[in-house]
Amino acid sequence: MKQKVVIRVTLNNGKKNARSKAMQIAVGLQGVESVSLQGEDSSQIVVVGDNIDSVILTSLLRKKVGFAELTSVSPVSTEGEKPKQETKPSESGIQSMVWPTYQAGVPYYYQPGAPYYAYEVAGYNQNSCTIM
């Protein structure tokens, strides 16, 4: 699911490269497609992508840049995408069934270990106690 995440970040905290650092952090997250700065003083980071974890992104920005507040998370509607059509059963009422195919795995080869030998020691009695 594509979503749009808006995070308000305080970028004017005396650091020169705070904006680029915030953008690098946002781009490094998995699923991010685009990052932009918006607002009057470019204090909002807008991130668009698939299945973005907004809480992790906000936590990373707090750790690396400074104050960050999650403003909004909203789904992005794609206008060019065609709606999914439902498959209709055939007129006879019988639907075709497709079985999943399984790929053959790597064969398992059994390698027996070293043989185990048991020896009995002559003159050893487990029932006798040497202390008493």
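**Before selecting anything**

The model is predicted, so local features are given only at pLDDT of at least 70 and side-chain atom pairs only at pLDDT 80 or more, while totals for chains, interfaces and linings use all residues. Residues are numbered from 1 along each chain as its sequence is written, and side-chain values use heavy atoms, with hydrogens and water left out.

**The whole chain**

Display the chain as a cartoon and colour it by secondary structure. Two helices and four strands are present, and from the N terminus on they follow the order β-α-β-β-α-β. Helices (H or I, at least four residues) and strands (E, at least two) are DSSP runs, numbered from the N terminus.

The chain exposes about 11700 Å², of which carbon and sulfur atoms supply 52%; accessible areas come from the Shrake-Rupley method with a 1.4 Å probe, and for residues only the protein chains shown count as cover. Of the 132 residues in the chain, 20% are buried. Here buried means under 20% relative accessible area, exposed over 50%, and partly exposed in between (1.4 Å probe, protein chains only).

Contacts, meaning heavy atoms within 4.5 Å, may be considered next. Among those between residues at least 6 apart in sequence, 63% join residues at least 24 apart.

Select H1 (18-27) and H2 (54-64). They pack at an angle of about 150 degrees, with their axes 10 Å apart. H1 is therefore roughly antiparallel to H2, a term for angles over 145 degrees. Axes are lines fitted to C-alpha atoms, for helices over the stretch in contact, and angles run from 0 to 180 degrees between N-to-C directions.

**The nonpolar core**

Now select Ile7, Val9, Ile45, Val47, Leu57, Leu61 and Val65, which touch the most other members of the largest nonpolar core, a set of 17 residues. Such a core consists of buried Ala, Val, Leu, Ile, Met, Phe, Trp, Tyr and Cys residues joined through side-chain atoms within 4.5 Å. Strands E1 (2-9), E2 (32-38) and E3 (44-50) each give two or more residues to this core, as do helices H1 and H2. The largest share, four residues, comes from H1.

Centre the view on Val47. Leaving out residues up to four places away in sequence, Val47 touches partners including Val5, Ala26, Val35, Ile52 and Leu57.

Which residues does Ser54 contact beyond its neighbours within four places in sequence? Select Ser54 in helix H2: its partners are Val5, Leu70 and Val73. With a relative accessible area of 11%, Ser54 is buried.

Move to Ser43, in the loop between E2 and E3. Ser43 counts as buried because its relative accessibility is 16%. Not counting residues up to four places away, Ser43 touches Ile7, Arg8, Val9 and Gln38.

**Two positive phi angles**

Remain in the loop between E2 and E3 and select Ser42. Although not a glycine, Ser42 has a positive phi of about 55 degrees. Its relative accessibility of 22% makes Ser42 partly exposed.

Finish at Asn51, in the loop between E3 and H2. Asn51, likewise a residue other than glycine, has a positive phi near 50 degrees. Is Asn51 buried or exposed? Asn51 is exposed, because its relative accessible area is 58%.

Note on methods: Parallel < 35°, antiparallel > 145°, perpendicular 65-115°, else oblique.
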